[in-house]
Amino acid sequence: GELKLGEHCWRWQESSVCADDQQLWPNPVIGYRIRQFPALALEPLLPETFRWSALLNADVEVAITEAGPDGRVEIDAGEGFFEFRVLDDWEKLSHQALTLEALLKPELAEVSVALKGPELGEFSTQLSVDPVSDERPIDGTFSLKNLDLAFVSAFSGIEEVAGQVNGDGKLKGPLLKPAVTGELALTGGRFQDPDLPLPMEDVVLALEFLGYTADISGRWQSN
């Protein structure tokens with residue numbers, strides 16, 4: 001026999017979750033379209049010191065075959081912001097774009113994530129994961145552009161933090177312990193605070209990832 005569920009929708013204000021005809025058993029086949037879903041509804045699942053405000057759009061089309069999942073998942077959070085509680089205050093970080101795309105095949109899952117924001121810069125990663133092997137090996141890349149360190153001041157307690165971080169690299173190996181190669185570089189760095197012995201100006205740092213180790217080098221000026 002078969003267990004099926006017909007097309008249906010849930011709507012609340014401007015938000016909607018709509019499903020195509022579903023096959024629930026055997027070999028489930030599901031398809032959902034989510035529009036303008038408020039990320040604040042996820043608050044019970046998030047840490048108490050973190051809040052996320054955005055409207056989520058998503059498309060899910062997945063078939064669970066005998067070999068494994070086959071389908072795609074696309075999530076677009078558009079513009080929004082994250083809030084982190086630091087002591088008694090909430091610090092905000094905005095994002096102009098946040099997307100996740102996953103292409104699922106029984107023998108391979110390909111996942112890409114992209115994040116862009118005025119302070120966060122542009123971050124992207126593309127990963128391929130083998131879902132069959134015990135260690136779930138991955139092979140992928142990451143890239144970071146124009147990360148503005150000014151926001152770190154609110155989290156670190158340092159009076160003034162400035163600088164920009166750029167870099168890229170590769171990940172390869174077991175999902176829970178991949179080797180990382182590549183480099184992140186800080187330029188135009190500045191750290192000033194009454195608790196620091198001397199202010200640090202024109203800070204340049206390079207962090208080189210060498211698999212399971214890393215080297216750091218740099219220079220700065222103090223007046």
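Begin by selecting Val60, Val62, Val73, Ala102, Leu104, Ala109, Val129, Ile138, Phe142, Leu171, Val180 and Phe209: these 12 residues form the largest nonpolar core. The model on the screen is predicted. Colour the core by element next; at least two of its residues come from each of E6, strand E10 (97-105) and strand E13 (138-148). Another core, of 11 residues, lies apart from this one, and Trp52, Leu56, Leu93 and Leu115 are among its members.

**First stop: Val60**

Keep the largest core in view and centre on Val60, one of its residues. Which residues does Val60 contact, once its neighbours within four places in sequence are left aside? The contacts are Ile30, Gly31, Tyr32, Arg72 and Val73. Of these, Val73 also belongs to the largest nonpolar core.

**Second stop: Ala63**

Now select strand E6, which covers residues 50-64 and includes Ala63. Show the surroundings of Ala63 and, not counting residues up to four places away in sequence, the residues touching Ala63 are Pro28, Val29, Gly68, Pro69 and Asp70.

Select Leu144, Leu149, Val165, Leu184, Ala185, Leu186, Leu205, Ala206, Leu207 and Ile216, which line the largest pocket. Two elements give two or more residues to this lining, namely strand E15 (179-192) and strand E16 (200-211). The space in the pocket amounts to about 160 Å³. How many of the lining residues are nonpolar, polar and charged? The lining has 10 nonpolar residues, no polar ones and no charged ones.

**Last stop: the disulfide**

Finally, display the cysteine side chains and find the one disulfide that the structure holds. The bond links Cys9 with Cys18, and the S to S distance is 1.9 Å. Looking along the bond, why is this disulfide described as right-handed? The torsion about the S-S bond of Cys9 and Cys18 is about 120 degrees, and the disulfide is therefore right-handed.

Are the two partners buried or exposed? Cys9 has 38% relative accessibility and therefore counts as partly exposed. Cys18, in turn, counts as buried because its relative accessibility is 7%, and the limit for buried is under 20%.

Note on methods
Residues numbered from 1 in each chain as written. Predicted model: local features only at pLDDT ≥ 70, side-chain atom pairs only at ≥ 80, totals over all residues. Heavy atoms only, no water. Helix = DSSP H or I, 4+ residues; strand = E, 2+ residues; numbered from the N terminus. Contact = heavy atoms within 4.5 Å. 1 Å grid on protein atoms, 1.4 Å probe; cavity = no way out; pocket = protein on both sides within 12 Å on 5 of 7 lines; lining within 4 Å. Points joined across faces, edges and corners; volume = space filled by probe spheres on them. Nonpolar A, V, L, I, M, F, W, Y, C, P; charged D, E, K, R; others polar. Disulfide = S-S within 2.5 Å. Buried < 20%, exposed > 50% of the residue type's maximum accessible area, 1.4 Å probe, protein only. Core = buried A, V, L, I, M, F, W, Y, C linked by side-chain atoms within 4.5 Å.
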